[in-house]
Amino acid sequence: QLQLVASGGGLVQPGGSLRLSCAASGFTLDYYAIGWFRQAPGKEREGVSCISTTDGRIHYTDSVKGRFIISRDNAKNAVYLQMNSLKPEDTGVYYCAADPRYYYCSGSVGWTEYDYWGQGTQVTVSS
């Protein structure tokens, strides 16, 4: 059974860091687009970052460029999102998603297009 498990969220002060993990089971992350999305209270879900394990392309939304880093660990079949210099506006539930259409790693593909989803992990940035 294909499953994604997101973890690593928590409460952090502004300027702090967190590392989110997205562990896959039931399939390997080869030849997939893996995306991180977030949803703040009262707002629509938005794309944060993605990586294509097919061609290595990486995308970040403008608001996180220079602060977040997405990476993959082949041995652990996982994708990570290192979040640095966190701001209160980064608060939300973070989800990882996967889709075999690797080209879905782009700024123009919305969250509704991804086929497989993890359960979400809460990130709260507050003093």
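Leaving aside its neighbours within four places in sequence, which residues is phenylalanine 68 in contact with? Select Phe68 and display its surroundings: beyond those neighbours, Phe68 contacts Arg38, Val48, Tyr60, Leu81, Gln82, Met83, Asn84, Leu86, Asp90 and Tyr94, a contact being heavy atoms within 4.5 Å.

Two notes apply to the whole tour. This is a predicted model, in which local features need pLDDT of at least 70 and side-chain atom pairs count only at pLDDT 80 or more, while totals for chains, interfaces and linings use all residues. Residues are numbered from 1 along each chain as its sequence is written, and side-chain values use heavy atoms, with hydrogens and water left out.

**The cores**

Next, select Trp36, Phe68, Leu81, Met83 and Tyr94, which touch the most other members of the largest nonpolar core, a set of 27 residues. A nonpolar core is a set of buried Ala, Val, Leu, Ile, Met, Phe, Trp, Tyr and Cys residues joined through side-chain atoms within 4.5 Å. Buried means under 20% relative accessible area, exposed over 50%, and partly exposed in between (1.4 Å probe, protein chains only). Colour the strands that give two or more residues to this core, among them E1 (3–7), E3 (18–25), E4 (33–39) and E7 (68–73). Strand E3 supplies the largest share, four residues. Then move to a second, separate core of eight residues, including Ala33, Ala97, Cys105 and Tyr114.

**The whole chain**

Switch to a cartoon view: the chain has 11 strands and zero helices. These are DSSP runs numbered from the N terminus (helices: H or I, at least four residues; strands: E, at least two). Along the principal axes, the C-alpha atoms fill a box of roughly 40 × 30 × 25 Å. Of the 127 residues, 44% count as buried. Among contacts with a separation of 6 or more, 59% join residues 24 or more positions apart.

**Two loop residues**

Select Tyr31, in the loop between E3 and E4. Tyr31 has a positive phi of about 60 degrees although it is not a glycine, and its relative accessible area of 57% makes it exposed.

Finally, go to Asn77, in the loop between E7 and E8. Asn77 is likewise not a glycine but has a positive phi, of about 55 degrees. Is Asn77 buried or exposed? At 14% relative accessibility, Asn77 counts as buried.
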